[in-house]
Amino acid sequence: MRLHEYQSKQIFSKFGIPIPRGRVANNASNARQIAEELMTKVVVKAQVLSGGRGKAGGILLAESPEMAETLATKILSMTINQLPVHKVLVDEAVDIEQELYLGITIDRELCLPVIIASAQGGVEIEDTAQKTPEKIAKMPIPILLGVKEYQIRNLSLAIDLPKKYWRPFFLISQGLWQVFRQTDVVLAEINPLVITEKGDLLALDGKIELDDNALFRHEELLELRDLDMEDEVEIEARKVGISYIRLNGNVGCMVNGAGLAMATMDVIKHFGGEPANFLDIGGGASAEKVAAALRLILSDPKVKSVLVNIFGGITRCDEVARGMVQILTKVSNRVPIVIRLEGNHAREAQEILMQQHIQTVVSFTEAAKEAIKLARGE
Ligand code: GDP
Ligand code: MN
């Protein structure tokens with residue numbers, strides 16, 4: 001789960017990381033009011049869960065409260081990377097001397113958190129990472145020790161940070177480490193971390209990605225979830241307890257077990273098809289859950305065929321078949337469906353389907369090939 005900039009910065013602030021003064025607004029007149037309170041020029045920032053807002057025109061400087069209102073109106077009518085802007089952050093504008101990058105994430109190869117810094121932060125960071133990776137310094141953080149001052153001194157040296165900023169840079173790094181540990185995040189990023197013309201370090205932008213598997217430890221953070229930013233079908237799926245991730249292909253997949261679901265997508269790809277989704281109905285799914293899953297898949301207009309691949313262990317194939325019949329007998333003009341069911345109560349399942357004149361396929365690979373063919377309209 002990803003947090004908005006304003007939410008991320010509030011968390012940063014709790015852990016002692018300096019942020020600009022400012023507040024979030026739902027509408028333009030509110031934005032104007034905030035600008036009036038701040039009594040200085042402000043920056044109006046689109047709050048969408050997407051990077052590159054600056055480049056998309058979603059970050060604008062306002063010289064006056066009137067201008068803040070005008071710009072907020074404009075930004076609130078935008079969509080950025082297909083996401084509608086429902087909120088703007090109004091922050092006091094800062095005169096920037098230099099833009100740094102600072103982030104903490106998990107390095108999967110090292111199996112450790114790493115702290116990453118660059119003296120060339122800002123909107124071109126991806127470019128820097130690609131063209132001049134030597135300008136980005138990375139250091140592993142021993143989990144039990146955390147972030148130590150000598151280590152951050154090395155990091156400061158590695159990015160040629162002037163000595164007078166070493167101490168505040170260390171304190172911010174330590175704060176970011178606390179955010180990482182105590183909030184259970186997989187990514188905490190400040191880009192840019194700026195050196196202001198006054199000589200202060202300030203987190204101008206903030207990005208936090210929470211570890212979904214640790215959310216149960218942070219009930220207060222669950223309230224920060226912004227459903228406007230999420231795929232409606234994925235929200236629906238979560239409600240009924242189905243893991244569903246929308247993809248770009250045209251072969252809808254209904255599978256039990258995450259491993260088999262991944263394997264199914266691999267096999268579709270292997271034979272030249274494109275999966276429309278990842279979907280795991282979980283173990284021991286009821287007919288109702290199966291029906292809900294199938295409904296979700298069929299609601300995607302990109303889906304041109306559906307591959308059902310069930311290996312019944314805890315899951316009973318006959319239960320799955322009943323769920324499918326619930327939908328398939330109701331929905332007219334449906335896309336073709338290829339069904340492969342094996343294992344627990346497979347024979348009963350086949351009988352249930354046969355009564356409705358629904359065919360099944362025995363082999364996983366044959367089923368995949370057939371589904372791909374049907375998706376192509378062959
Ligand atoms: P992003 O494009 O989504 O990463 O949004 P950021 O919050 O990082 O803003 C993008 C860029 O806008 C920054 O890198 C800055 O160059 C600029 N910017 C943001 N806030 C201010 C500000 O207060 N003053 C000035 N001068 N520039 C700002
Ligand atoms: Mn940024």
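The largest nonpolar core of this predicted model holds 38 residues, and Leu-102, Phe-169 and Ile-190 have the most contacts inside it. Such a core is a set of buried Ala, Val, Leu, Ile, Met, Phe, Trp, Tyr and Cys residues joined through side-chain atoms within 4.5 Å. Buried means under 20% relative accessible area, with a 1.4 Å probe and protein chains only. Helix α6 (residues 166-182) gives the most to this core: eight residues. Helices are DSSP runs (H or I) of at least four residues and strands (E) of at least two, numbered from the N terminus.

Phe-169 touches Leu-100, Leu-102, Ala-117 and Ile-152, among others, leaving out residues up to four places away in sequence. Contact means heavy atoms within 4.5 Å. A second, separate core has 36 residues, including Leu-279, Val-290, Ile-327 and Ile-337.

Now the metal site. The protein donors of the manganese ion (ligand 2) lie 2.2 to 2.3 Å from it. Donors are N, O and S atoms within 2.8 Å of the metal (3.2 Å for Na, K and Ca); water is not among the atoms, so sites may look incomplete.

Residues are numbered from 1 along each chain as its sequence is written, and chains are lettered from A and ligands numbered from 1 in the order written. Local features need pLDDT of at least 70, side-chain atom pairs count only at pLDDT 80 or more, totals for chains, interfaces and linings use all residues, and side-chain values use heavy atoms, without hydrogens and water.

Note on methods
Buried means under 20% relative accessible area, exposed over 50%, partly exposed in between (1.4 Å probe, protein chains only).
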